[in-house]
Amino acid sequence: MGYDLHITRRQQWFDSEGPAITIEEWLALIDSDQEMRLDGYAEAALQEGGSLRMEDPSMAVWVKYSGHMLGGNMAWLCLSRGNVVAKNPDQEIRGKMWCLAQTLSARLQGDELELYGGDGETLKTPESKKWWRFWP
């Protein structure tokens, strides 16, 4: 399991309605950004040997990421249900995602609906949406 960050145009990234980022827009952005490369898959080596591979025609990698290829690390992003998503992004990747979001007229939102700025830091966390507030 991990924590996802979403480039979204929707009020909440998980909403089924609202403006979506299309595959055509995403592919055009990748094509226009010299730091991005469309791979169509993500692959990681497993500790016990072998590898885990996920194929997705929208899977892209940020090749200028400072951790690129160090220990097999990659900054993968893909389109999912009208949002661009990355799993467990660090501050540097969050900063790049914010730049991509600006190009797409979107915003950067975490799983818990917090918003991120250009420096990769949290801008706003919705107090009323914190999961622990629902526990008795």
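Lys96 is buried, with a relative accessible area of 10% (buried means under 20% relative accessible area, exposed over 50%, and partly exposed in between, with a 1.4 Å probe and protein chains only). The model is predicted: local features need pLDDT of at least 70 and side-chain atom pairs count only at pLDDT 80 or more, while totals for chains, interfaces and linings use all residues. Residues are numbered from 1 along each chain as its sequence is written, and side-chain values use heavy atoms, with hydrogens and water left out.

The side chain of Lys96 forms a salt bridge with that of Asp33, at 2.7 Å from N to O (a salt bridge is a side-chain nitrogen of Lys or Arg within 4 Å of a carboxyl oxygen of Asp or Glu). Asp33 lies in the loop between helix 1 (23-32) and strand 2 (36-38) and Lys96 in helix 2 (residues 91-103), so the pair ties together parts that are 63 residues apart in sequence. Helices (H or I, at least four residues) and strands (E, at least two) are DSSP runs, numbered from the N terminus. Asp33 is buried as well, at a relative accessible area of 14%.

A salt bridge also joins the side chains of Lys96 and Glu35, at 3.1 Å from N to O. This pair links distant parts of the chain, with Lys96 in helix 2 and Glu35 in the loop between helix 1 and strand 2, 61 residues apart. Glu35 is partly exposed, at 29% relative accessibility. Through shared partners, salt bridges join Asp33, Glu35 and Lys96 into one network.

## Asp4 and Lys87

The count by the salt-bridge rule comes to seven. One of them is between the side chains of Asp4 and Lys87, at 2.8 Å from N to O. Asp4 belongs to strand 1 (residues 4-8) and Lys87 to strand 7 (residues 83-87), so this pair ties together parts 83 residues apart in sequence. Asp4 counts as buried, at 17% relative accessibility, whereas Lys87 counts as exposed, at 51%.

## Confidence

The mean pLDDT of the protein is 88, and 88% of its residues reach 70 or more; pLDDT is the predictor's confidence in each residue, from 0 to 100. Confidence is highest in helix 1, at 98, and lowest in strand 10 (residues 122-124), at a mean of 75.

Over residues 130-136, pLDDT stays under 50. For these residues the model has five contacts beyond four places in sequence, a contact being heavy atoms within 4.5 Å.
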